[in-house]
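Let's go through this model together and ask what stands behind each label. Have the structure open as we talk.

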Amino acid sequence: MKMTGNTILVTGGTSGIGRALAEAFHDRGNRVIVTGRRPALLEQIAAERPGVIGLPLDLDDPASLSRLSADIQAGFPGLNVLIANAGISRPEDLAAEGWDASDAEAIVETNILGVLRATAAFLPILKRQPDATIIATSSNLAFVPRADFPTYCASKAFLHSWLQSLRHQLRRIPVEVLELAPPYVQTGLTGAQQACDARAMPLAAYIAEVMQLLELRLHPRDEVLVERDRARRWAERDGRYEATFAAMNLS
Ligand SMILES: NC(=O)c1ccc[n+]([C@@H]2O[C@H](COP(=O)([O-])OP(=O)(O)OC[C@H]3O[C@@H](n4cnc5c(N)ncnc54)[C@H](OP(=O)(O)O)[C@@H]3O)[C@@H](O)[C@H]2O)c1
């Protein structure tokens, strides 16, 4: 993708990876629109960074996406990059008495349907641009699951597969499709403790490595994988799948 002069819409732009990516692209001379459900954060980001636009979006509410899509068509017809990054993560104990599928449904709604709906809403605009890119955030848990986050990991495996098909179907249209598959990164995704967990990759270091990979186009198969991602990505190919799964899921 080109790294400057874009008009970029980021879902899940109010915090964590989405916000940091939005800031990194803004620093490189892009017009950036961040979206999310928390109005106070949208206002704060726009106030701190003149030029960044904050617009409300709840991906679980189709009316909210329709409103945003109409606003973008009217106000930002040059939109050429969608970063479909919003996601939620919840642990689930499938063996527990009284387990129900409510967390699984919420994860599917946001992580899977949210990406599909955002793509459907903005693809018509992207297709009109000479240089367009869709970046969707999966996870390296798409490649080997953590069993205490079953639906979360499966939602990311879904995206990994779906993005390959999207990329293939768009092969004759100049819309690049990139998959961002982060390792464990210091954000508030699973709660405040993750943001300072020493086992997680510092957010600034993750974003710096991603921007460098994008800049140098070092993303074979259109997968943006930082160094920390690679062992898990290739565990199955390299005959380490069982050992990797066992190390991640102690019994
Ligand atoms: N951090 C990691 O270790 C890690 C690893 C692999 C993949 N990822 C993926 O990276 C992405 C970003 O996560 P993060 O780690 O940066 O966590 P985060 O700080 O919690 O960011 C999640 C973002 O998604 C937005 N969001 C959640 N539900 C939404 C909804 N219904 N509608 C619209 N926006 C919604 C949130 O904004 P509002 O609350 O304002 O709506 C927030 O901006 C996620 O897809 C996550 O699965 C993260």
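Q: Which residues does Thr110 touch, not counting residues up to four places away in sequence?
A: Thr110 touches Asp60, Ala86, Gly87, Ile88 and Val115, where contact means heavy atoms within 4.5 Å. A word on the source: this is a predicted model, in which local features need pLDDT of at least 70 and side-chain atom pairs count only at pLDDT 80 or more, while totals for chains, interfaces and linings use all residues. Residues are numbered from 1 along each chain as its sequence is written, and side-chain values use heavy atoms, leaving out hydrogens and water.

Q: Why is Thr110 called buried?
A: Buried means under 20% relative accessible area, exposed over 50%, and partly exposed in between (1.4 Å probe, protein chains only). Thr110 has a relative accessible area of 8%, so it is buried. Its place is in helix α4 (residues 102-127); helices (H or I, at least four residues) and strands (E, at least two) are DSSP runs, numbered from the N terminus.

Q: How do you know whether Cys153 and Cys196 are buried or exposed?
A: Cys153 has 2% relative accessibility, so it counts as buried. Cys196 has a relative accessible area of 63%, and is therefore exposed.

Q: How many disulfides does a search of the whole structure find?
A: The search finds 0. To be listed, a pair of cysteine sulfur atoms would have to lie within 2.5 Å.

Q: What makes Pro183 buried or exposed?
A: Its relative accessibility is 11%, so Pro183 counts as buried. Pro183 sits in the loop between β6 (175-180) and α6 (192-195). Leaving out residues up to four places away in sequence, Pro183 touches Asn140, Met201, Tyr206, Val226, Arg228 and Asp229.

Q: What is the phi of Arg217, and what is that of Asp222?
A: Phi of Arg217 is near 55°, a positive value in a residue other than glycine. Asp222 is not a glycine either, and has a positive phi of about 60°.

Q: What makes a set of residues a nonpolar core?
A: The set must hold buried Ala, Val, Leu, Ile, Met, Phe, Trp, Tyr and Cys residues joined through side-chain atoms within 4.5 Å. The largest such core has 30 residues, of which Leu21, Phe25, Tyr206 and Leu214 touch the most other members. Among the elements giving two or more residues to this core are β1 (7-11), α1 (16-27) and α7. A second, separate core of 29 residues includes Leu59, Leu68, Phe76 and Leu170.

Q: How far is an oxygen atom of the ligand from a polar backbone atom of Ile17?
A: The distance is 2.7 Å, inside the limit for a polar contact (a pair of N or O atoms within 3.5 Å). A polar side-chain atom of Gln194 lies 3.0 Å from an oxygen atom of the ligand. Taken alone the ligand exposes 870 Å², and the protein buries 95% of that, with areas from the Shrake-Rupley method with a 1.4 Å probe.

Definitions and conventions: A polar contact is a pair of N or O atoms within 3.5 Å; within protein, one must be able to donate a hydrogen and the other to accept it, and residues adjacent in sequence count only if both atoms are side-chain atoms.
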